[in-house]
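Me: Can we go through some of the aromatic rings in this protein? I'd like to hear what the labels rest on.

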Amino acid sequence: MDGHTAPEDRRAAPVSVRIAAELRRDIAAGRLRPGERVPSTREITRRWGVAMATATKVITTLRQEGLVRTLPGVGTVVGESRPAPRTAPQGPAAPIRPGERRRPGAAGTRLTRTAIVRTAVGIADTEGLDGVSMRRVAAELGAAPMALYRHVPAKEDLLRLMVEAVFAEHPPPEPAPEGMREALAAGARVQWRLCRRHPWVVPLMSIARPVLTPSSVDHTEWAVRVLKGHGVGAPEALNAVVALTGYVLGMAAQVSDDTEAAHETGLRHAQWWAAREPELSRLEATGRYPHLFAYTAGPPDFDETFEFGLEGFLAGLEARLRTAAG
């Protein structure tokens, strides 16, 4: 009788519970060893055909049980602890009784808007925007998800606060360098460093529909002011700033895509290129690309390429603006 009811119980359990149980069994059996990456939320959505919210709940459950942990630049990996044997699927967490206090976060963090935003930024830095949800942030802080809404009304507001927070930490240089090209280069490098530190911000800062916050708009105001101080008219100044921002974001998108791919595959930039060595060798052996393969300096260096392109872009931009200014 019991042997017939167990499968029914498993089918009746929420899908997030079933997926968590499957990963838990893999960890217990050693198929996923300590330090190895577990499937990311995006991989869970593809493999099991579930929504991102469900995938996030799976990872949150395993993290709360101490089975996985997050490593910056790597993703979510198996921790050192092993799960205890289970005879039935884990159900939803027991409700908190009146007067009972919920367990505080690992660091005893008080629930504030600043703490919520800082935690969300940390998750995004490690796992990308897909890892950020109100439920996930609440789990990291040891709070009930609904408690967050007293400080942040919706996820859209959280994303806006995250953008504001990282831009506030990377203000444009003051005072601005004296030369036009030097000043624009200094501002562009600040934005580049921001995007390198927080690649998730790039898709939120599209030129067409950016997330507008005071500290992000400060960069545009600063650059227009710099150009007008060098005699550039307002229309030309704004076009120049938008074009320069487009260059920075275009290069930063490569970093953002590479970081997202690293989250998904576990292969960092150099590792991915090293794995392509057999393909590159076959292409070189064809003899069709003698000029390309004459340059064998290794995989692209984002910072080096950014600086090379920035110098050329600003040289041409400065020449055009000075001609327009007469």
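Me: What makes you say that the charged end of arginine 276 sits over the ring of tryptophan 272?

Reply: The charged end is 4.6 Å from the ring's centre. A charge sits over a ring if NZ of Lys or CZ of Arg is within 6 Å of the ring centre and within 35 degrees of the ring normal, so arginine 276 gets that label. Mind you, this is a predicted model, where local features need pLDDT of at least 70, side-chain atom pairs count only at pLDDT 80 or more, and totals for chains, interfaces and linings use all residues. Residues are numbered from 1 along each chain as its sequence is written, and side-chain values use heavy atoms, with hydrogens and water left out.

Me: Why is the pair of tyrosine 247 and phenylalanine 306 called stacked?

Reply: Their ring centres are 5.6 Å apart and their planes are at 25°. Rings of Phe, Tyr and Trp (its six-membered ring) pair if their centres lie within 6.5 Å, and planes under 30 degrees apart count as stacked, over 60 as edge-to-face and the rest as tilted. So this pair is stacked.

Me: How do you know that phenylalanine 306 is buried?

Reply: Its relative accessible area is 0%. Buried means under 20%, exposed over 50%, partly exposed in between (1.4 Å probe, protein chains only), so phenylalanine 306 is buried.

Me: And why does tyrosine 247 count as buried?

Reply: Tyrosine 247 has 16% relative accessibility, so that value also falls in the buried range.
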